[in-house]
Amino acid sequence: MSAVKRKQLFHRFLAISKISDSISVNKFYATLSDDRKEKIANGPELGDFIHDNPQVNAENIKRKKGERLRLPQWLKTDIAMGKDYHRLKENLRDLKLHTVCEEAKCPNIGECWGGAKGTATATIMVLGDTCTRGCRFCSVKTARNPPPPDPLEPVNTAKAIASWGLDYVVLTSVDRDDLPDGGAAHFAETVREIKKSKSEMLVECLTPDFRGNMDCVATVAESGLDVYAHNVETVEDLQWLVRDPRANYQQSLEVLKFVKSHTPDLVTKTSIMLGLGESDDQVMRVMEDLRRIGVDCVTLGQYMQPTKRHLKVKEYVHPDKFQHWEDVGNKLGFAYTASGPLVRSSYKAGEFYLKNLLKSRRKEASLADVAT
C-alpha cells in the first residue's frame, strides 16, 4: 500500500472516530435532566482555566473517606538550611539538648532557626526526649519508664541559651508521669539557671498538666518565669480521640485557671489545633472558656499529620478562616491572638509580640509604683 493510500485511510478513520464520539456525547447529553443541562451551560469555560489570575477557592479542603489530602500551597515551606540553622543544631547536639522543633517536626524550624543573631530561636525540650503518654497527634517518642532526667540539663540549657545571645526563650517538656512531681522541680531549676545566667532573659514555659497536681504547677509558676503556657490542644468533644486518656479538657483549664489566680502577674497562654474535624461552634466555645478563666494569649494553627501512624488530617483550614478566628480572639479580649495555618504554640513572631507585651506591662507596673 502506498504512502498516499495509507494517509487517506488514516484521515478517514479520524473522521469516523469524531462522528462516533459526537454521537456518543449527544446520546449522553440527551439523557441528562434539564437541571444538569443548565449547570453545564452555566459552567466554566476554557478561559476560566487559563486566565492569568485564577480566583482562589476560599473554602477549607476536606478529606473524603478513603482519600489522602494533598498539601495545599499555603502550607508548603522551604527546606531548613543556612549557617545559623546548622550552628544551632550542632550546638544543641554538643550539649545533649533536645528541641520540640525537631521532635514534633515543626514546619517553621527553618524560619526560627535560620534567623540572624538575636532572632534565631528554638524551643528547648527538657526532661529528655521520651514521653510517658501517647497522644495521637504527637510524634515524640513514648515509653512507660524513660531514662532519668539529665542532672546537668538545667545548666547546659542556660549555657546554650546564653551563647546564642537571645532575649526570649521557650522551655517545654515531655510528660513524665513516672516522676513523683512530673518533673516540675527540674523545670523550675532550668528557669532559675537561665535567669542566673542572664537576668533580663524572658522565659516562657510550655508545661504538661502534671496530672492536675497544683502543687507541681505552683512549683513552675513560682520559678521566676514570665509566661506560663499549657495547651488545651483541641476542642472539648475531640479530647478523647486526640489526647492521651490521662489528659483532658477540664484538667487543662484548671491548670491555666490556677496559674492566673496563684500568680496574677504571669502571662498565661494556650494553643488549639484545627483540622481535626471540629465545628465552628466547638472552637468558639473553647475560646470563650479560655477568656472566662483569664487566659491572656491564644494561638490557633493547622494540625499536620506527622507520620502514617498518627491521626489523619480531616481538613486543611483556609487562611481566611484562620483570620476569622484571629478577629474573634481580638473581639473577645485576648491580649494576643495568633491564628494561621503555620502558627504553632511557640514561634518567632509570637515570641516577638510577647516580649514587647511583657516589657510594656513591666513599664506600666514601674510607673504605677512611682506614682504611689
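**Helix pairs**

I started with helix α11 (residues 249-262) and helix α12 (residues 280-292), whose axes lie 10 Å apart at an angle of about 30°. Angles under 35 degrees count as roughly parallel, so I logged α11 as roughly parallel to α12. The model I am reading is predicted.

Next I checked the handedness of this pair. α11 and α12 make a right-handed crossing.

Which residues of α11 and α12 make the contact? From α11 I listed Tyr249, Leu253 and Leu256. From α12 I listed Arg285, Val286, Asp289 and Leu290. By class, the contact of α11 with α12 holds five nonpolar and two charged residues, with no polar ones.

I then turned to helix α8 (residues 184-197) and helix α9 (residues 214-221). Their axes come within 8 Å and cross at roughly 10°.

For the contact, I found Ala184, Ala185, Phe187 and Ala188 on the α8 side. Cys216, Thr219 and Val220 face them from α9. I sorted the residues of this contact into six nonpolar, one polar and no charged.

**Whole protein**

I counted 14 helices and twelve strands. The protein has 372 residues, and 46% of them count as buried.

Last, I checked contacts between residues at least 6 apart in sequence. Of these, 74% join residues at least 24 apart.

Methods. Residues numbered from 1 in each chain as written. Predicted model: local features only at pLDDT ≥ 70, side-chain atom pairs only at ≥ 80, totals over all residues. Heavy atoms only, no water. Helix = DSSP H or I, 4+ residues; strand = E, 2+ residues; numbered from the N terminus. Buried < 20%, exposed > 50% of the residue type's maximum accessible area, 1.4 Å probe, protein only. Contact = heavy atoms within 4.5 Å. Axes fitted to C-alpha atoms, helices over the stretch in contact; angles between N-to-C directions. Nonpolar A, V, L, I, M, F, W, Y, C, P; charged D, E, K, R; others polar. Parallel < 35°, antiparallel > 145°, perpendicular 65-115°, else oblique. Left-handed = near helix turned anticlockwise from the far one by under 90°.
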